[in-house]
Amino acid sequence: GQPSAADKARAAAMTPEQREAMIRGMVEKLQARMDADGSDPEGWLRLAQARLVLNQPDKAQAAFEQGLRLHPDDPALLKGYAASLLGPEQAATGLPEIGDQAAQLYRKVAELRPDDPEPWWYLGIRALQEGDKASARASWEKVLARLDPAQPEYAEIKERLDQLGS
């Protein structure tokens, strides 16, 4: 559950070390709960994200992998894991590096949820990395078709498409 107002007040009064110990304890309780009953895909996602915040990438990866073993078609877990695998932003493009495993996960999300613009965005980046401008264009056009033109992301993606040329 979410922390109560009293919990938040106690946490605010703690030293940074005490707060970190409290957070680590909460994450360990979540780990124990998920190990005992892994039926909650959202719990696996929260656990993996908490491990990332605690700078425990190996434990985060293990949580994503266990969650996906139990829930192989959960789009949130697939996207969370893929996002955790993104490489550094490339100076030339300002876009993250999309490795093979992340691309595979985004492809699965695109199959499961073709109306979700997020996997198409990353698959477009991957295509661009591979020098396949036509596939990048096709992916990003799918993103535009799924976004409201009033959204700020729409203008950014439209600009990227214009930069691709014909």
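Buried means under 20% relative accessible area, and Phe 64, with a relative accessible area of 0%, is therefore buried in this predicted model.

**View 1. The stacked aromatic pair of Phe 64 and Tyr 81.** The structure holds 3 aromatic pairs, and in one of them the rings of Phe 64 and Tyr 81 are stacked, at 5.1 Å centre to centre and with 15 degrees between the planes. Because Phe 64 lies in helix α4 and Tyr 81 in helix α5, this pair ties together parts that are 17 residues apart in sequence. Tyr 81 has a relative accessibility of 3% and so counts as buried, as does Phe 64 at 0%.

**View 2. The stacked aromatic pair of Tyr 106 and Tyr 122.** The ring centres of Tyr 106 and Tyr 122 are 4.6 Å apart and their planes lie at 10 degrees, so this pair is stacked. Since Tyr 106 belongs to helix α6 (residues 100-112) and Tyr 122 to helix α7 (residues 117-129), the pair ties together parts that are 16 residues apart in sequence. Tyr 106 and Tyr 122 are both buried.

**View 3. Helix α3 against helix α4.** The axes of α3 and α4 come within 7 Å and cross at roughly 170 degrees, which means that α3 is roughly antiparallel to α4; the crossing of these two helices is left-handed. On the side of α3 the contact involves Trp 44, Leu 45, Leu 47, Ala 48, Arg 51 and Leu 52, which meet residues of α4 including Pro 57, Ala 60, Ala 63, Phe 64 and Leu 70. By class, the contact of α3 with α4 comprises 10 nonpolar, 2 polar and 2 charged residues.

**View 4. Helix α3 against helix α5.** The axes of α3 and helix α5 (residues 75-84) come within 9 Å and cross at roughly 15 degrees, an arrangement that makes α3 roughly parallel to α5, and α3 passes α5 in a left-handed crossing. Pro 41, Trp 44, Leu 45 and Leu 52 of α3 make this contact with Ala 76, Leu 77, Gly 80 and Ser 84 of α5. The residues of the contact of α3 with α5 divide into 6 nonpolar, 2 polar and no charged.

**View 5. Asn 55 in the loop between α3 and α4.** With a relative accessible area of 64%, Asn 55 is exposed.

Terms used:
Residues numbered from 1 in each chain as written. Predicted model: local features only at pLDDT ≥ 70, side-chain atom pairs only at ≥ 80, totals over all residues. Heavy atoms only, no water. Helix = DSSP H or I, 4+ residues; strand = E, 2+ residues; numbered from the N terminus. Buried < 20%, exposed > 50% of the residue type's maximum accessible area, 1.4 Å probe, protein only. Axes fitted to C-alpha atoms, helices over the stretch in contact; angles between N-to-C directions. Parallel < 35°, antiparallel > 145°, perpendicular 65-115°, else oblique. Left-handed = near helix turned anticlockwise from the far one by under 90°. Contact = heavy atoms within 4.5 Å. Nonpolar A, V, L, I, M, F, W, Y, C, P; charged D, E, K, R; others polar. Phe/Tyr/Trp six-rings, centres within 6.5 Å; stacked < 30°, edge-to-face > 60°.
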